[in-house]
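Subject: A structure for you to look at

Hi there,

Here is the structure I promised to pass on. Please open it next to this email and follow along as you read.

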Amino acid sequence: MKVKIFSVLVALALFCAINVQARSESVIHVTFILNSPDLSADSSVYITGGIEQLGNWNPGQIKMDYKGDQTWSKEITVNAPMSIEYKYTLGAWEREGAKADGSPLSNFEAKISHDTIIKDSVLFWTKGGRQRVNQGQITGTVKYHRGMKGDGIKDRDVIVWLPPGYETDKTRRYPVIYMHDGQNIIDPATSSFGVDWGIDETVDRLIKSRAIAPVIVVGIYNTSNRMKEYMPGETGTAYMNFIVNKLKPFIDSAYRTMPDRRHTMVGGSSAGGIISFMLVWEHTEVFSKAICMSPAFKIMGWDYVKVVQASREKKKHVFFYIDIGGVGLETQLQPGVDDMIAALKAKGYQEGKDFVFLRDPTAKHFEADWAKRFPQALMLILSKK
């Protein structure tokens, strides 16, 4: 008996060792080296990008180490090959890497498949203000609700854009679209990257041209916990519960909405695209339609395609707008989008009736590109009964 137990323990130890080795071998080390010859040695330099290891675009979270000769370095590890977009800052978006004319540099891009050393150079830095792509002021009436609370998630601001005529026609009620990353949708001054979606101008123009019926837009600000809030898991569930059980009832009581599911929609991009899909899929009694731009259905350890594949519910009366670009991170998201389209079709959802899929091969994973596609997306979901 002792021999058998010993053999089992040896086998178990060997199995664990093999798995630990396999996990360690899958870890990819990435070293970023930045040279900026005009900075002093005591400058605080930061790197930021679209993954947790780079601070999820927080400009003052991931500090680099000074190595001498106006060179700074930072090493991170990732668990799988991926495309990374990133930037360098001096701690805030008002002081990011710039071109010679003072305008911000475009995102740096890197495709990571093995241990890598990436060398970059930044010669100039913005000085106190970001260049705004959308130079116009906010169009229309916007209401601000500060510090709204939800169980299990961080407090956040919420904005409400009201359509033309809302204040004069006191009897009319309106459909509502809830948008994630709310600070990025109407005001470049609050946008994470100085570029907003221009949703205020877009929706105002579409309404006045009678391309769409008037609609209320609710923008839900993100927080530093964005990725966990926008992905499957405990925090993502808490975020959805906040929207369903607290935010929507508040909006319906404070504004003249059409509160039924047919007139309640949701939208977002990237991780905001997957949480939009999840809200419709898991709360069909509340939401009927979703805009899912560049959705991260299957990336970095989560896979919502499996949830759809495993569903045994009867076909839901829903509609999804799904799109993807073709540059940088978009290529990494493409397989998950393809798999989700296949999963929907396998469940009986028909393209053109229950969902549409559009691809722009020239588009990047960026606000300005999503803004270009938003008018068509909004017209499509508002036209579906």
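First, some ground rules. This is a predicted model, in which local features need pLDDT of at least 70 and side-chain atom pairs count only at pLDDT 80 or more, while totals for chains, interfaces and linings use all residues. Residues are numbered from 1 along each chain as its sequence is written, and side-chain values use heavy atoms, leaving out hydrogens and water.

**Confidence**

The predictor's confidence in each residue is called pLDDT and runs from 0 to 100. Its mean over the chain is 88, and 90% of the residues reach 70 or more. Over residues 2-24 pLDDT stays under 50, and the model has zero contacts there beyond four places in sequence (contact means heavy atoms within 4.5 Å). Residues 130-136 also stay under 50, but with 19 such contacts beyond four places in sequence. Where pLDDT is low, the predicted coordinates should not be read in detail.

Helices (H or I, at least four residues) and strands (E, at least two) are DSSP runs, numbered from the N terminus. Two strands pair if DSSP finds at least two bridges between them.

**Other strand pairs**

Strand β1 (residues 28-35) pairs with β4 (residues 71-78) in the antiparallel sense over eight bridges, and I33 stands opposite S73 in β4. β1 also pairs with β8 (residues 116-121), this time in the parallel sense over six bridges.

An open sheet of three strands has the order β2-β5-β7, with antiparallel pairing. β2 (46-49) and β7 (108-112) each have a single partner strand, so one side of each is left without a neighbour in the sheet.

**A helix with a kink**

How far apart are the end C-alpha atoms of helix α7? They are 27 Å apart, which agrees with the 26 Å that its 18 residues (329-346) should span at 1.5 Å a residue; the expected span is 1.5 Å times one less than the number of residues. α7 has a kink of about 30° centred on P335, where the bend is the angle between axes fitted to the seven residues ending at a residue and the seven starting there. Just after α7, G348 takes a positive phi of about 95°.

Look for I112 in strand β7. I112 is buried, with a relative accessible area of 2% (buried means under 20%, exposed over 50%, partly exposed in between, with a 1.4 Å probe and protein chains only). Among the residues that I112 touches, not counting those up to four places away in sequence, are I28, V30 and I118. The C-alpha atoms of I112 and H29 are separated by 9.3 Å, though the two are 83 residues apart along the chain.

Happy exploring!
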